[in-house]
Amino acid sequence: MKILLIGGKGQLGTDLRRRFFEAGAEVFSPDHAALDICSEAQIEQAVEGLRPDFVVNTSAFHKVEECEKQPLRSFEVNATGPHALAKACAKYRSTLVHFSTDYVFDGKKRTPYQETDLAQPLNVYGASKLAGENLIAASAEAYFLVRTSGLYGHAGSSGKGGNFIENMLKKAAAGAQITVVDDQVLTPTATADLALAVWRLMETPNYGLYHITCEGSCSWYRFTQDIFALEKVAAELRPAATSDVPSAVQRPAYSALSKDHLRGLGIAMPAWQESLERYLKTRPAAGLRAPAHLEISPVLQ
Ligand SMILES: NC(=O)c1ccc[n+]([C@@H]2O[C@H](COP(=O)([O-])OP(=O)(O)OC[C@H]3O[C@@H](n4cnc5c(N)ncnc54)[C@H](OP(=O)(O)O)[C@@H]3O)[C@@H](O)[C@H]2O)c1
């Protein structure tokens, strides 16, 4: 099996690459400089040249504050780029695997969102990802569209500078007073677990839209409490309301996603607490490649 993986050096891309190699697939993963999702010519050349069975796209512009300031760039990377990819996949008969976000929802529900629930994004990032979903559905012949949430992986998110867990542990090590929002509920999801579920999905012929996150949900504050408890870190941690944290971006207050559709295929996800424990037990002691000067936001999405 031949796979073209876009964004293979990113957080999720790194775990997907490992998973594909372990499964014996032939993986081609040009970096951003060699294949820009915004270049229709580069996409056409890569898909035509390789004729892959799957094109897997993890690239995104997902710093939500930046998306608000750069809507055109957001729609280029998150919508029109994936649209060009979908058209190339249809032309050369590749199956497209693409990732979207829980931020397509407005967060007004208090029970997990189904794939069939109305998506009404609150911010530019969510709107651009939803546009990407719609353009793919309108032009790809065979595709898996995966909405996920709160990703963390050993590679760290290149688009956001590290991941939430490592950033919180760094703050605690620096003796900082840490304030984290307690009224935004989501499902933190380990990229290693997501990569395994995506691979199992790709082995099926059941194309379509899927929600894939770990099981359960928690606030960012509760997540941080568990990180510190498991790492036995004594940090000065305080809960905050979203209204106390100045931000130009609106975020959904609740974004847990139902996995009924995925479970229907016999694919199960672990509880977020179990994934967190596994991540912490296997994290590289030296930490991630986040720039040391990085200003850490209490919410990374
Ligand atoms: N992180 C989360 O919490 C989260 C939550 C929900 C959904 N998602 C979605 O999950 C997916 C993966 O997220 P992630 O955290 O793994 O992201 P990531 O670590 O930032 O990785 C993104 C990868 O895409 C590459 N890339 C960025 N812009 C590109 C472009 N224009 N052309 C080609 N490559 C480009 C990046 O390369 P460079 O670094 O060299 O630019 C990087 O390798 C994204 O679609 C995201 O929207 C993420």
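At what angle do helix 8 and helix 10 pack, and how far apart are their axes?

## The helix pair

Helix 8 (residues 220–230) and helix 10 (residues 272–282) pack at about 45°, and their axes are 11 Å apart. This is a predicted model, where local features need pLDDT of at least 70, side-chain atom pairs count only at pLDDT 80 or more, and totals for chains, interfaces and linings use all residues. Residues are numbered from 1 along each chain as its sequence is written. Helices (H or I, at least four residues) and strands (E, at least two) are DSSP runs, numbered from the N terminus. Axes are lines fitted to C-alpha atoms, for helices over the stretch in contact, with angles from 0 to 180 degrees between N-to-C directions.

Helix 8 and helix 10 are therefore oblique to each other (under 35 degrees is roughly parallel, over 145 roughly antiparallel, 65 to 115 roughly perpendicular, the rest oblique). On the helix 8 side, Asp226, Ile227 and Leu230 make the contact; helix 10 brings Gln273, Leu276, Glu277 and Leu280 (contact: C-beta atoms, placed from the backbone, within 7 Å).

An open sheet of 6 strands runs in the order 2-1-3-4-5-10, with parallel pairing (a pair needs at least two DSSP bridges). Strand 2 (26–28) and strand 10 (208–211) each have a single partner strand, so one side of each lacks a neighbour in the sheet. Ignoring direction, neighbouring strands are turned by 20° against each other on average.

Strand 3 (residues 54–57) and strand 4 (residues 95–101) run parallel, joined by 4 bridges. Val56 stands opposite Val97 in strand 4.

How values were computed:
Contact = placed C-beta atoms within 7 Å.
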